Amino acid sequence: MTQSVVVQVGQCGNQVGCRFWDLALREHAHVNKKGMYDEALRSFFRNVDSRMIIDCVARNGYTICAGLTLAYLNPQAVLVDMEEGVVNEILQGPLREMFDSTQLLTDVSGSGNNWAVGHMTYGSAYREQIVDKLRKAAEHCDCLQCFFIIHSMGGGTGSGLGTKVLSLLEEEFPEVCRIVSSIYPSAEDDVVTSPYNSVLAMRELTEHADCVLPVENQSLVDIVNKIKQMSHAGRPGSVIRRDSTLISGQGGLSGAEKPFDAMNNIVANLLLNITSSARFDGSLNMDLNEIAMNLVPFPRLHYLVPSLTPLYTLADVSVPTRRLDQMFSDSFSKDHQLIRADPKRGLYLACALMVRGNVHVSDLRRNIERMKPSLPFVSWNQEGWKTGLCSVPPVGHSHSLLALANNTCVMSTFMELRERFTKLYRKKAHLHHYLHVEGMEQSMFSEAVGSLSSLIEEYYLLDATKGRLVPDAPRLRIAR
Amino acid sequence: MSIVTVQLGQCGNQVGPEVFDVISSDALEGQKKAFCAAARERFFHQTPRGELVARAVLVDMEPKVINHSVSRAAKSGAWRYGEASHFSQKQGSGNNWANGYCVHGPRHRDVVEELVRREVERCDRLAGLMAMMSVAGGTGSGVGTYVTQCLRDTYPKSFILNHLTWPYGTGEVIVQNYNSVLTLAHLYQLSDAILVHENDTVHRICGRLLNIKHISFGDVNRVIAHQLASVLQPALTADSRGAYGRNPLGELASALSCHPEYKLLSVCTVPQVPSSSMAYSTFSWPSLLKHLRQMLVSNTKMEEGIDWQVRPPGGSARTGSPAGSGFNRSLANLLVLRGKDVYSAETGGFEDPALYTSWLSPEEAFSLWKSPVPFNKYEKCATLVSNSQALLRPLDDMVGKAWNMFASRAYLHQYMKFGISEEDFLDCFTSIEQVVSSYSQLH
């Protein structure tokens, strides 16, 4: 069994991270009835006490973990923030006993929404400490397979320091896969300089990450609204199981739901589903290193559009097969993608389907056959599907599907980002805040936007082949 | 004489236990003592307490599948794996042939060789080695190829049979065509015979013949196991002179792999019916053999949808298979008959020179094995192992797709990371195009 280490950076990163640990515990408590420290738990948690660790108490029909015995579980995580607020909240919340102080790195004044402060100033000031904490986390792992970084792109810490951590990881642990979950700001983001921060961070992601899972805040908002609408519609025959929605934290530890919790739960579920096959059994296992191998045909084109279905499970059990097929159809629809793009309008370079629950390989194949005609794939990868079957479904569902698409539709997200950047940069607005930071130069801006432009160009060239009939490459001929 | 099986990767370790299941239940129920003894000797060794322990080594780069297979076998009570016969690591090969072949293979060479050596030493006499793997992933294909190379180096005089599972045409793994080309090109130099099962074909058998509604990999693997075991269980051969043959792999290889350019073997078994229908079905040898022959001729892999119009071309028309005729020319065939009244079965149809190439006489091209013991609950069972053009189309498709991907340079950086260069790729492509060319020119 392999282990993964989660590095959460900045306010957003830590809030999502907090939801992730909560939901992970919920999931394991659900599966692990005997409360023994098993292989599955090992992928994310260290056992600091060899006695029985989870005291599963049935309460109101849901099984939760009793708070006390959490002291025996230590998440493999490093929490970084340049302000204390969020991390302190975690340390005062129900998960407090799980983290120990050596995993935390905080400062007081924050990064002021300035990528340069996060990346350059704090990056160099805390370099030793960060590397140290990462090394400690890695040493506790028997077989470290992957680093998960969670951060946002629009701010200062998550964006700047987060990408610094990414390049440190590449230096110190070059063989360990780096999967980054990046939250992109929406157009109406209240941080004025978010385009600068995002573009500067993008360059780092393109160069140092193995895979990036871009998530747009706006998509999360839309999905949350959709679910809430459905819950309140109250039509007979469409009552939703409460704990089954993608946004629900019910059954976990935290009590009242905080404002961004619903959106953050979606990202947390994304991470849980991606690692499900590495943690649990299935007839067709899909490891994390297989994701990078199959979905990244060219080193820089590693942006994978995620989509999670179903959003919720209906309370009454209706026709199972139709529900299953609907799940597949939904996962390719525009509304279920976690960025605002329509993959059907773009060109697929590769697509991975990770199915959880009671689904047979024949169902999977049938649905792939069914969906294929409407999905444009690049000429040299007409059957570019990577599939995985994990037998353990997520809490509240009988089955679920995570689709990761390497699709040229990310181009539109990047182009919008570049436009917002250019609007500001043209006027040199707010530039002085960045240039005042030691180590920061104006050339970094032009290089960053240059890197983004060439990335867009690469996607564009591939996208342009869509619909064109590309002849097969002439085969080698054998002399007789 | 005994066969030592090496199960590699997820597929190898999922198909392998099914094969041992079939063999052990077949050997237990068989009425003939000599047959059971021969089957047991071939695949198992018996502990002083009478337990059957499979002569197998299990290798995988991640532990889940091996753990599952070992515990399942132990629970069955009929047979089990040796306690120390498996080797696994924590982290898989990531579907990367180069990772399997260049990194994991060499790194764990000594351990794996030691495990195989121990199994081989437990055999009174070694009939040969069988490596079971898939070609689509990273471990089965990459580590499997490396291990086959080691086996060839360590046991140069032994017969090595590679059993390969080819993936579904519409991907299980995106880089499966690369992995397949790299594997086949290397194995062609190392293996004595390459026996292939295609997931697509077996899937159709499960759906159309066995009427399974929700086909799982377990179902697919059980069909593969049934077909493979029907070949490898003891049988009376031309060389065995009245006793059960003691050199199954050697005889298989000499019957079928008579030329180094032609090593790909496909398998067909009749009948295949759902177990619920077995009580109501009667089989006759003439009917079974007639269907099987036409399946060979028209290249249909199962008893449904056989095209009876396809005929072998008459006398003078021997200039290669005319395009679109659908006729499948054979190099060599091995027919294995098991069950009641097997001595009365009339197999002349398979000795027709029109089926074969011009440079082998039908006596050399056709071999027949028989066993009066019914196999795996079927009163009569006929299996045909063919060295023919049957795999030409799937192979050609596989190479075509891999080549298109190679022409766009897609995914190459993932392989180069571990030490495989573009040159290596080109060499493998050349080898496989050679194989494709040889088979398509068969006349």
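**Confidence, a buried arginine and the cysteines**

Reader: Before I look at details, what mean pLDDT does chain B have?

Author: This is a predicted model, and in it chain B has a mean pLDDT of 90, with 96% of its residues at 70 or more.

Reader: And what ipTM and pTM does the predictor give the complex?

Author: For the complex, the predictor gives an ipTM of 0.84 together with a pTM of 0.88.

Reader: Switching to A:Arg279, which helix is it in?

Author: A:Arg279 lies in helix H9 of chain A, which covers residues 261-279.

Reader: Is A:Arg279 buried or exposed, and why?

Author: A:Arg279 counts as buried because its relative accessibility is 2%, which is under the 20% cut-off.

Reader: Which side chain does it make a polar contact with?

Author: The side chain of A:Arg279 makes a polar contact of 2.8 Å with the side chain of A:Glu27. Leaving aside neighbours within four places in sequence, A:Arg279 is also in contact with several other residues, including A:Met1, A:His28, A:Phe44 and A:Arg356.

Reader: New topic: how many disulfides are there over all chains?

Author: The count over all chains is zero. A:Cys18, for instance, is in no disulfide, and the nearest cysteine sulfur, that of A:Cys12, is 12 Å away.

Reader: Is A:Cys18 buried or exposed?

Author: A:Cys18 counts as buried, at 15% relative accessibility.

How values were computed: Residues numbered from 1 in each chain as written. Chains lettered and ligands numbered in written order. Predicted model: local features only at pLDDT ≥ 70, side-chain atom pairs only at ≥ 80, totals over all residues. Heavy atoms only, no water. Helix = DSSP H or I, 4+ residues; strand = E, 2+ residues; numbered from the N terminus. Buried < 20%, exposed > 50% of the residue type's maximum accessible area, 1.4 Å probe, protein only. Polar contact = N/O pair within 3.5 Å; in protein donor to acceptor, adjacent residues only side chain to side chain. Contact = heavy atoms within 4.5 Å. pLDDT = per-residue confidence, 0-100. Disulfide = S-S within 2.5 Å.
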